[in-house]
Amino acid sequence: MAKLRIRKSNHAMNRSFGGDLGIYIILAIFGAFMFIPMLYTVIQSLKPLDELWMYPPRFWVQKPTLDNFGDLLKLMGTSWVPFSRYIFNTAFISILGTFGNVIFSSFAAYSLAKIRFPGRKFLFNIVQKSLMFNATVTSITNFLSMSILGLLDSYWAIIIPACATPLGLYLMKQFMETSVPDAVLESARLDGASEWRIFWTLVMPMVKPAWMTLIVFCFKDLWNAGASTYVYSEQLKTFNYAINQIITGGISRQGAGAASTVIMMIVPIAVFVFSQSNVIETMSTSGMKD
């Protein structure tokens, strides 16, 4: 019998250098388009007033200065509510609202995705339909609900509605269905684990990319919340509301407004960068499939 000879090659199949270079160039172009608005915001905060109102406007700053940040601190210092109070209000609402959103969305998503009970498909259909409604449409309902509960003019008027969002529930439910194998849950139940233990020790670590992504979206929305609809006391207002008050004070305050925009932008970007690194690491090291 003739032996079949197999030719061995030392060359591994790989993309060409030109193909890789083209991909990097395309990604760099798109990355630059996404980075330019943030860079322009920082440049605007470093411009003196005469350059801010220069026509035609110029992208780069000619005489960079930090006077805008100093003016912002002076304006916030003249307010009868301390500058730190606005920062605390914003941080407290953002952190507590984001934590509540992740917890309650995960609880509801686990029951809809992994527990069989009558009417769960009907409930999920309601969640899907609610994604079509803008937040402005539901603000009237939220206002009436908070008024009936007696929670207007308090932190809870913003935190409680933020704890139950259809986007968070939909995201967590869909991720649990695709990333949490039923076989793993059944094995844990056979070993005597309770649903509470299964949820915290198995499900939540496996869906970490989903709730890290949810943290980015929820924290960004709450950090930029104006809080003027449900909160009336000045000592409970957010930093974003205080910034809007400064900007509407006239042309001379536009430099301070540009500086405040940079401050408002830094924290969400830091949260995004931190969450992005964790999502990429988790998705590359802890995937499980049936």
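Q: Which residue forms a salt bridge with aspartate 182?
A: A salt bridge is called when a side-chain nitrogen of Lys or Arg lies within 4 Å of a carboxyl oxygen of Asp or Glu. In this predicted model, the partner of aspartate 182 is lysine 114, with 2.8 Å between the closest N and O atoms. The pair links distant parts of the chain, 68 residues apart: aspartate 182 is in helix H9 and lysine 114 in helix H4.

Q: Is lysine 114 buried or exposed?
A: Buried means under 20% relative accessible area. Lysine 114 has 10% and is therefore buried, whereas aspartate 182, at 36%, is partly exposed.

Q: How do the axes of H4 and H8 cross?
A: The axes come within 8 Å and cross at roughly 45 degrees, so the two helices, H4 and H8, are oblique to each other. The crossing of H4 past H8 is right-handed.

Q: Which residues make the nonpolar surface patch?
A: Phe17, Leu21, Ile25, Ile29 and Phe33 make a patch of about 560 Å². Leucine 21, one of these residues, is in helix H1 (residues 17–45) and is partly exposed at 41% relative accessibility.

Methods: Residues numbered from 1 in each chain as written. Predicted model: local features only at pLDDT ≥ 70, side-chain atom pairs only at ≥ 80, totals over all residues. Heavy atoms only, no water. Patch = residues over 30% accessible without salt bridge, like charges linked within 9 Å, V, L, I, M, F, W, Y side chains within 5 Å. Areas by Shrake-Rupley, 256 points an atom, 1.4 Å probe, with all protein chains shown as cover. Helix = DSSP H or I, 4+ residues; strand = E, 2+ residues; numbered from the N terminus. Buried < 20%, exposed > 50% of the residue type's maximum accessible area, 1.4 Å probe, protein only. Axes fitted to C-alpha atoms, helices over the stretch in contact; angles between N-to-C directions. Parallel < 35°, antiparallel > 145°, perpendicular 65-115°, else oblique. Left-handed = near helix turned anticlockwise from the far one by under 90°.
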